[in-house]
Amino acid sequence: MPAILTFVLALVALAVLVLATPGVRRALITGRVFRIYRKVLPTMSDTEREALEAGTVWWEGELFRGKPDWSKLHAYPAPKLTPEEQSFLDNECNEACRLVDDWKVSHEDYDMTQEAWQYIKDKGFLGMIIPKRYGGLEFSAFAHSQVVTRLSTRSSALAVSVMVPNSLGPAELLLHYGTEEQKNHYLPRLAKGLEIPAFALTSPWAGSDAASIPDVGIVCKGMWQGKEVVGMRVTWDKRYITLGPVCTILGLAFHLYDPDGLLGDKKHIGITCALVPWDTPGVETRRRLFPLNAMFMNGPTRGRDVFMPLDFIIGGPAMAGHGWRMLMECLAAGRSISLPSSNTGMAQVTARTVGAYARVRSQFKMAIGRFEGVEEALGRIGGNTWLNDAVRRMTAGAIDLGEKPSVVSAIAKYHVTERARQIVNDGMDVIGGKGICLGPSNFLGRAYQQVPIGITVEGANILTRSLILFGQGAIRCHPFVLHEMQAAKNPDVARGLVDFDRAISAHVAFVVRNGVRAFVAGLSGARTLAAPAGAAPETRRYYQQLSRFSAAFAFLADVSMLTLGGALKRREKLSARLGDILAMLYLASAALKRYEDEGRPASDAAFMHWAVQDSLFRAQQAFDGVLANFPGRALPNLLRRVLFPFGAACAAPADRLGRDIAKAMIEPSATRDRLTALVHLPQNEHEPVGTLEAALIATIDAEPIDAKIRTAMKNGALHDNPQANVRDLAEAAFAAGLVTPAEHALLRRRDALRDVVVHVDDFDMAFGHARQTSPAPAPLQRAAA
């Protein structure tokens, strides 16, 4: 027996010696792995490499480590507005909203009024990201997000017209890559609204595969302003270009070729970005698309053999071929703000209006918001709205910290738009027939129509979920995978082996640690994991569960990559579910971060609990989906026993949370105001949202009087009185002496406002007959003037 023990100890000592000695380890183990890895690793194009390496890794990297440092999350400063930014939000934004009537925009004029266009130009809305030295507002990313969110509660045309010039487009590209001459010329003009920008990337034949655009520029000589110069003849056909129909300066992405070697030896220079004035001969921009009754300007642009000088390239000739890197590095910032903000605005206005409607509208002598079925929908609306805003805030804050988080921006875009779709769908279910009949008094119909736009643009959601969240995240956020790939591709094989050995050795230890950590946490229900110091007592278990899920995710991700290798990219359903786990961990982090940043308000606790529990439950479902569909039987069964030894760890939010949220949504309170803080509230009872606000107050004021009348009716009052119906009850009660004149006046005001709220617009039989078959070109000319 001692001999056997000695032999085992000797083997262990030998294994430790081999693993601890880099030279021996490389010779016996990692060198062989390195050679195999180099052979099986697929080739990577320059565009693929630039896409992977673009941007920065932020909090998602912590979640991928398996052991998030929660003190880092708490240390990120809460985004705040400066006094100047707050004043702009309170004044200029509200005035811009006042100038826009969404029914007229979307049904009568097909465009904002000239007054509204001129206002947003004059007040600097189109130059929020441009520094003050160029005449811009130089607002923070958070301020940009706040502005877009508020404008989105009024009109998509208004919000998008402001959003696009401040996200991915000429201004941002010029700021980062433009020549001084380009900056000095264009940025002041963009800041003052003298130029309207658009950026043309999407091709009908490439869609979301932007690297495959067929648009081509050929370096050649040609005449420009009376002189022969070296320039480009560019041919393109783009669509879905927002502000394209009214732009005066068109950003354009295309592949640049130099067949005659006028610029050097390289024939295919690469994707290039140029700025092209709209009136350059051969440029076609003045046609528009009609995206689901959303009247923001969007359309195609085309050009054939359009000659332009090399100076049109953003950054000048030196930046020819660098367009893809420019786009990838700037995309994260724009995508982190634009759609998360606009869809959060849509969510907030839905929560505000549907909550009020559910209190004003009654059935069976009770406000519909108190029915459990409606309460369930209101709970989802409120919980998802609060969570969307948490994600929006945290992600915009990352941009202000100097981050360009490509994976986080994709998470925010995908999940905020998907939850906004759920919010609006739930809202439509609550308001019923009111929602399905369009007209000036419908406060939700246009949002319902336009929800698919956010789902589709800036990376269609199906592709984002299937290919980016984990496909890009697994490489970009993992602490070792990208280093291993770079080492394997190193032309200096000896140096590559050393780097690979270091990375793969650390990777193996990383996998073992996370596997053990996840298993022990599973056995203890995560109670062995520490919550961050100073965490609120009501959130400690959430931090523990998130840490457990982080370790389980990191371990499962590594096992999946090791087992499936390159095939994981083609197993899009598995990849998507892994991405779901990472995304849910991020959403839960944002919810906890918001709760801490806002001082742990007790009245908001239900929203926080709902948001975190929903995120954890969805993460649990995603884990189950991966394991249930993992190839083979033995390995997924083993993984399930390691990660979830006692079965599912999390449940869906309890009904009581939804009840508390619904209650907060159907009555005026500071909680309701915080939930919907960015909704534009017209000071006018003749507008749909203004009417709802007034009707909510009047309804609550009248409820004690209603209760008194019901009691009297139970005791036999108004028996057989034909006026004792929901419409005429106030008059019957007053005539019978059941209410005082003052109470009667309150009931009459409530009834008048209620009748406006439940009113559905109707139209003459000739409605729509005189409309043109296509929008008139006049708005395009007016907006660009």
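Which residue is the bridge partner of G217 in strand 4? In strand 4, that partner is L256.

This is a predicted model, in which local features need pLDDT of at least 70 and side-chain atom pairs count only at pLDDT 80 or more, while totals for chains, interfaces and linings use all residues. Residues are numbered from 1 along each chain as its sequence is written, and side-chain values use heavy atoms, with hydrogens and water left out.

Helices (H or I, at least four residues) and strands (E, at least two) are DSSP runs, numbered from the N terminus, and two strands pair if DSSP finds at least two bridges between them. The pairings of strand 2 (residues 216–224) are set out below.

| Partner of strand 2 | Sense | Bridges |
|---|---|---|
| strand 3 (residues 227–242) | antiparallel | nine |
| strand 4 (residues 249–257) | parallel | three |

Strands 2 and 3 form a hairpin with two residues between them, and Q225 in the turn has a positive phi of about 50°.

The structure holds zero disulfides, a disulfide being a pair of cysteine sulfur atoms within 2.5 Å. The sulfur of C220 has its closest cysteine sulfur in C273, 19 Å away, which is too far for a bond. C220 counts as buried (under 20% relative accessible area, with exposed over 50% and partly exposed in between, using a 1.4 Å probe and protein chains only) because its relative accessibility is 15%.

In helix 18 (residues 445–456), the buried residues include G445, R446, V451 and I455. Helix 18 is followed by E458, whose phi is positive, near 55°.
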